[in-house]
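Open the model in your viewer and keep the selection tool at hand.

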Amino acid sequence: MPNFTKRAIKEAFLRQLTERPLSQITVKDIVEECGINRNSFYYHYEGIPALLEEIIAGELDRLTKAYPSIDSMEQGVEAAVEFIRANKRAVLHIYNSISRDVFERYLMETCRYVVATYVDTALAGRPINEADKSILIRYHTCACFGNIIDWLNGGMKDDLSAYFRRIFQLKIVRGWEDGIYVPVES
């Protein structure tokens, strides 16, 4: 029964988020929609911030299970923004709220996961020292994160997939291999 109740709370909360900003959603709104009492809500969550964090953390966990390997950066970016696209209005309400930091922290973790997973795949069998590998992961994580944040700031109007596809087609800098920048020894 608790799993059913938690799922109902999460679904009601996400529905509420598609309709109005986070600051306008109360525990009362959620429990009324679920048909449960406040004590049931507080049995599972300390409050709305804890509920929000569990939903976002659950999405990161789902992503890591769904994508144990990533064959291209395009696939990684698609995986990273899958939840955002599926819940566009809800995500914009979270992003434009006081809880933006929670969203950004998990987005950064998501970007780090997809980049690190892809780098491991792309560089498998190639000699690279761990310090250089860490630099590559950090650089591409920040680039992925920054571009997604820029896309969010623009209201998600552009075709992010096409943008990233084009970036990875533009391998004009010496050292770009398989969509990631690998330093060329001089």
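Helices and strands here are DSSP runs: at least four residues of H or I for a helix, at least two of E for a strand, numbered from the N terminus. The model is predicted.

**Stop 1: the whole protein**

Show the cartoon. The order is α-α-α-α-α-α-α-α-α-β-β.

Switch to a surface view. The accessible surface comes to about 10400 Å². Carbon and sulfur atoms account for 52% of that surface. Of the 186 residues, 43% are buried.

Next, think about contacts. Take those between residues at least 6 apart in sequence: 66% of them join residues at least 24 apart.

**Stop 2**

How many salt bridges does the structure hold? There are twelve. This tour visits some of them.

Select K6 and E54. Their side chains meet in a salt bridge, with 3.3 Å from N to O. K6 belongs to helix 1 (residues 2-19) and E54 to helix 4 (residues 48-66), so this pair ties together parts 48 residues apart in sequence.

Are these two residues buried, or partly exposed? E54 has a relative accessible area of 26%, so it is partly exposed. K6, at 22%, is partly exposed too.

K10 has 25% relative accessibility, so it counts as partly exposed.

**Stop 3: helix 2**

Move to helix 2, residues 27-34. Select K28 and E32. They form a salt bridge whose closest N and O atoms are 3.9 Å apart. The cut-off is 4 Å, so this pair still counts. K28 and E32 lie four residues apart in the helix, so about one helical turn separates them.

Colour the two by accessibility. K28 is partly exposed at 48%. E32 reaches 54%, so it counts as exposed: the cut-off is over 50%.

**Last stop: the network**

Select K6, K10 and E54 together. Which residues does this network join? Salt bridges that share partners connect K6, K10 and E54 into one network. In general, side chains of opposite charge can pair when their charged atoms come close.

Key. Residues are numbered from 1 along each chain as its sequence is written. This is a predicted model: local features need pLDDT of at least 70, side-chain atom pairs count only at pLDDT 80 or more; totals for chains, interfaces and linings use all residues. Side-chain values use heavy atoms; hydrogens and water are left out. Buried means under 20% relative accessible area, exposed over 50%, partly exposed in between (1.4 Å probe, protein chains only). Contact means heavy atoms within 4.5 Å. Accessible areas come from the Shrake-Rupley method with a 1.4 Å probe; for residues, only the protein chains shown count as cover.
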